[in-house]
Amino acid sequence: MTAAAATAAAAVRIEGLTKSFGDVHVLRGVDLTVEPGTILALLGSNGAGKTTLVRILCTLLQADAGTAAVHGFDVAASPARVRESISLTGQFAAIDEVLSGRENLVLVARLRHLDDPGAVADGLLARFSLTEAGSRRAGTYSGGMRRRLDIAMSLIGDPLVVFLDEPTTGLDPQARLEVWQAVRELAAAGTTVLLTTQYLDEAEHLADRIAILHEGTVIQNGTLAELKALLPPATVEYVEKQPSLEDVFLALTKEER
Amino acid sequence: MTTHAIGDTAVLTGRSLRHILRSPDTILTTAVTPIALMLLFVFVLGGAIDTGGGESYVDYLLPGILLVTIASGIAYTSYRLFLDLQSGILERFRSMPIARSSVLWAHVLTSLAANLVSVAIVTGVALLLGFRSSASVAAWLAVAGILVLFTLALTWVAVIAGLSAKSVDGASAFSYPLIFLPFISSAFVPTDSMPAPVAWFAENQPVTSIVDTIRALFAGQPVGGEIGIALAWLLGILVVAHTAAILIYRRRFR
């Protein structure tokens with residue numbers, strides 16, 4: 001679909017990827033390319049195989065067939081190089097609840113062998129509005145704070161590609177907006193983001209391109225405008241009426257704070 | 001990647017040691033049951049037990065009690081490892097450019113540190129109860145070495161349990177038979193007082209050779225061939241459990 005030179009420089013390139021668990025064929029030949037510095041939203045219902053795909057790209061799972069490369073490194077042949085290029089924020093906030101927020105960040109900075117883990121931690125606490133909570137045990141954090149800490153931990157060491165697996169599932173609307181803001185800042189800084197979501201509006205608000213994973217293959221891949229062009233325009237009116245409850249909720253709760 | 005193995009293991013060990021420092025009750029609860037057992041046997045049951053030797057019963061009992069301490073302490077390793085798996089933090093570590101073995105070794109070294117503290121507490125209580133040893137410094141070091149080896153071997157068994165458990169309860173339940181094993185050995189009563197089949201089992205299971213070796217070392221007596229059998233058991237369990245744990249760990253992420 002694009003010139004060979006362009007795909008060679010892709011941040012993520014997946015060709016004919018398949019994965020089965022016993023008789024369950026989760027991925028049945030996935031082809032997908034993510035350009036550097038863009039946000040791609042991988043859309044799919046529960047059980048569509050989004051997490052399986054992300055786990056393969058993060059070297060946590062081996063594919064049955066096909067190839068996947070991250071930043072030019074094949075996930076099967078050179079997993080160590082892939083791990084140096086990526087970061088994963090999984091479906092559930094992977095934080096250490098016993099440690100404080102700051103200690104969580106210092107831990108990851110040490111494991112990434114950075115020079116000044118303390119300074120890295122303080123910088124990220126400030127960036128994610130967690131400075132005040134930094135010395136508290138992460139187990140006491142609210143859902144939104146945990147997610148912000150989780151994402152902050154993923155950014156240590158400036159990975160080139162960040163995978164976010166359903167980053168806003170289970171969050172309240174306010175926390176969701178906070179996560180969206182963090183993702184936008186990431187992309188603005190040049191990081192490639194592949195995020196999976198089952199929320200259509202999330203893909204709509206965040207993504208440069210949207211890929212739809214259905215029954216084990218990517219059935220559509222394009223910009224929002226390209227995808228919208230596939231449907232009759234009648235649906236637009238319906239969307240206009242409905243989201244007002246979220247607007248009302250956010251407006252009301254904002255006044256309270 | 002291997003260049004960072006030691007540094008990564010140290011960082012992760014620091015993390016789980018911090019877990020223990022923030023819940024010191026895990027060390028205390030590990031020590032409480034063996035101490036209660038020791039009190040029970042020394043003050044209630046011990047008077048009726050004839051060990052055949054001239055030593056005081058607490059001297060006879062302590063080696064077995066120390067093994068019970070470690071056998072109950074290692075359950076916390078499977079518990080912590082299971083929680084790491086559940087919380088997803090293990091996946092985070094696995095997707096980072098760190099030495100892969102460091103994740104498991106950090107838990108094992110933490111278990112070693114925690115169990116040695118528990119063992120020290122139990123030994124301190126034994127001293128208060130009248131435990132006395134004529135062992136030389138070398139013999140004490142030999143006892144420490146055997147206990148370290150015992151802890152490492154059983155902790156790798158605990159790693160297997162933590163990696164394969166389906167629930168928190170399952171992660172720690174495996175240790176109950178291990179805690180029970182010293183009771184069917186020479187740890188509390190001499191094996192020749194048992195019925196023949198039980199005595200056969202007691203004499204041929206690892207705990208008896210380990211207990212007899214530690215007891216001889218404490219008493220300043222020659223250890224004889226028992227130490228060879230004890231070391232063979234310990235190294236055998238260590239190698240098998242370590243290999244199995246690594247295989248299960250790799251398979252889990254395939």
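Two strands count as paired when DSSP finds at least two bridges between them. Keep that in mind for the first stop, on chain A. One reminder: this is a predicted model.

Strand β9 of chain A covers residues 209–214, and strand β10 of chain A covers residues 217–222. Five bridges join the two. They run antiparallel. Within that pairing, A:Ile212 stands opposite A:Gln220 in β10(A).

Now the turn. β9(A) and β10(A) form a hairpin, with two residues between them. Look at A:Glu215 there: its phi is positive, about 50 degrees.

Next, confidence. The model scores ipTM 0.83 and pTM 0.84. Chain B averages a pLDDT of 87. In that chain, 97% of the residues score at least 70. Which elements of chain B have the lowest and the highest mean pLDDT? The lowest belongs to helix α8 of chain B, residues 168–173, with a mean of 81. The highest belongs to helix α7 of chain B, residues 137–164, at 93.

Last stop, the contact between the chains. Chain A puts in 22 residues and chain B puts in 20 residues. Where does the chain B side come from? α1 (5–22) and α5 (89–94) of chain B each supply at least two residues. The largest share is from α1(B), with six residues.

Note on methods
Residues are numbered from 1 along each chain as its sequence is written. Chains are lettered from A and ligands numbered from 1 in the order in which they are written. This is a predicted model: local features need pLDDT of at least 70, side-chain atom pairs count only at pLDDT 80 or more; totals for chains, interfaces and linings use all residues. Helices (H or I, at least four residues) and strands (E, at least two) are DSSP runs, numbered from the N terminus. pLDDT is the predictor's confidence in each residue, from 0 to 100. Two residues are in contact if their C-beta atoms, placed from the backbone, lie within 7 Å.
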